[in-house]
Amino acid sequence: MPENLYAGFDLGGTQLKYGLINSSGRIIYKSQAPSPPDIKSLMDLIQRIWAELDRRYPKRIKSAGFGFAGFFSLKRKRIMQSPNYPALDNFPLFPALKKIIPVPFAVHNDANLAAYGEYLYGSARRAHSLVFLTVGTGLGSGIILEGELWQGKGGFAGELGHITVNPEGLRCGCGNIGCLETEVSAPALVRNYLEFSGKSGNKDTLSARDIYLRARAGDEAARKSFDRCGYFLGIALGIVMNFLNPEKIIIGGGVMKAGRWLLRPAVAEARKRSIAPAFATCEIRRASLGNDAGLMGAAAWARHKMEAGKLTP
Ligand SMILES: [Zn+2]
């Protein structure tokens with residue numbers, strides 16, 4: 001008998017990643033497409049993808065999970081606000097998805113589901129507690145406490161990217177001033193570099209990867225740019241350690257490809273700003289699932305909910 005499969009979709013600011021996992025969490029199929037600019041094309045794309053998956057694996061897909069960038073409301077079952085994908089703002093997702101997805105499905109914030117993926121299959125496997133951060137276009141995060149995704153009362157828990165770390169800083173996409181994501185993200189790194197190098201260069205032609213390569217090659221301004229991001233990241237990690245005393249903090253996302261350039265100043269700052277026993281019991285590691293964490297977590301989350309009887313077909 002062919003094994004059951006579980007679909008996962010992970011929609012970020014630039015790419016829609018999707019795939020199928022089996023019951024032991026192995027990826028059976030995966031692909032991606034550019035994120036469409038408006039909601040109608042997004043729904044059309046998901047419909048086409050579903051048709052394709054169903055054609056390849058007829059009748060084998062038992063559930064579907066969707067991780068969307070933005071603040072997901074458990075009560076209203078929609079993204080209330082999406083700083084990095086505004087097309088989702090307040091759109092009634094459930095009726096639209098119900099029309100095109102013929103199996104039970106679940107929706108949540110993308111970083112929450114990526115945290116769940118790392119917890120089940122990645123760097124934080126079976127950790128007692130974990131805080132996951134993903135540093136890319138923005139800064140997403142999710143919290144797992146004693147094996148369960150901590151959603152908060154309304155679904156909005158784990159928005160570490162929108163805590164204030166620089167009260168005199170820049171305006172964030174969420175409307176607040178000086179959020180962590182305004183200081184720790186790919187755009188922040190580029191902005192730092194333009195400032196430290198004294199170049200009036202175009203921020204659209206420089207990427208986080210360019211700055212990583214320059215740091216490696218000995219460019220002082222590039223190193224200082226990482227140090228500044230690491231400083232603010234470390235402040236946030238210190239807060240997390242003192243507040244939750246998690247067993248693990250796992251950091252992923254595109255900017256983390258720079259590894260120690262970001263991590264070293266962040267860990268140094270977190271050590272200074274956390275109480276010693278909380279720091280000593282917390283392990284900070286790089287995420288291990290890379291781009292797959294979101295779709296794997298989304299697929300596993302929907303399966304978990306379905307098997308717990310919490311999804312209606
Ligand atoms: Zn914000």
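Visitor: Which residues touch the most other members of the largest nonpolar core?

Guide: F9, A115 and L262 do, in a core of 95 residues. The model is predicted: local features need pLDDT of at least 70, side-chain atom pairs count only at pLDDT 80 or more, and totals for chains, interfaces and linings use all residues. Residues are numbered from 1 along each chain as its sequence is written.

Visitor: What makes a set of residues a nonpolar core?

Guide: The set must consist of buried Ala, Val, Leu, Ile, Met, Phe, Trp, Tyr and Cys residues joined through C-beta atoms within 7 Å. Helix α7 (residues 220–244) gives the largest share of this core, ten residues. Helices (H or I, at least four residues) and strands (E, at least two) are DSSP runs, numbered from the N terminus.

Visitor: Why is this core said to lie between domain 1 and domain 2?

Guide: Because domain 1 (5–113 + 291–307) and domain 2 (123–288) both give residues to this core, it lies between them. The domain bounds come from an automatic or database domain assignment.

Visitor: How many residues does each domain bring to the contact?

Guide: The centres of domain 1 and domain 2, taken over C-alpha atoms, are 25 Å apart. Their contact takes 14 residues from domain 1 and 18 residues from domain 2. Two residues are in contact if their C-beta atoms, placed from the backbone, lie within 7 Å. On the side of domain 1 that touches domain 2, β5 (71–73) and α3 (110–121) each supply at least two residues.

Visitor: Why is L130 called buried?

Guide: A residue is buried if 20 or more other C-beta atoms lie within 10 Å of its own, exposed if 12 or fewer, and partly exposed in between, with C-beta atoms placed from the backbone. L130 has 28 C-beta neighbours inside 10 Å, so L130 counts as buried. L130 sits in strand β8 (residues 129–135). Leaving aside neighbours within four places in sequence, the contacts of L130 include A115, Y119 and I144. A115 in turn touches L130, F132 and G297, among others, not counting residues up to four places away in sequence.

Visitor: What makes D10 buried?

Guide: The same rule of 20 or more applies. D10 has 29 other C-beta atoms within 10 Å, and is therefore buried. D10 belongs to strand β1 (residues 5–11). Beyond four places in sequence, its contacts include K17, D110 and G294.

Visitor: How far apart are the C-alpha atoms of D10 and L130?

Guide: They are separated by 20 Å, and the two residues are 120 residues apart along the chain.
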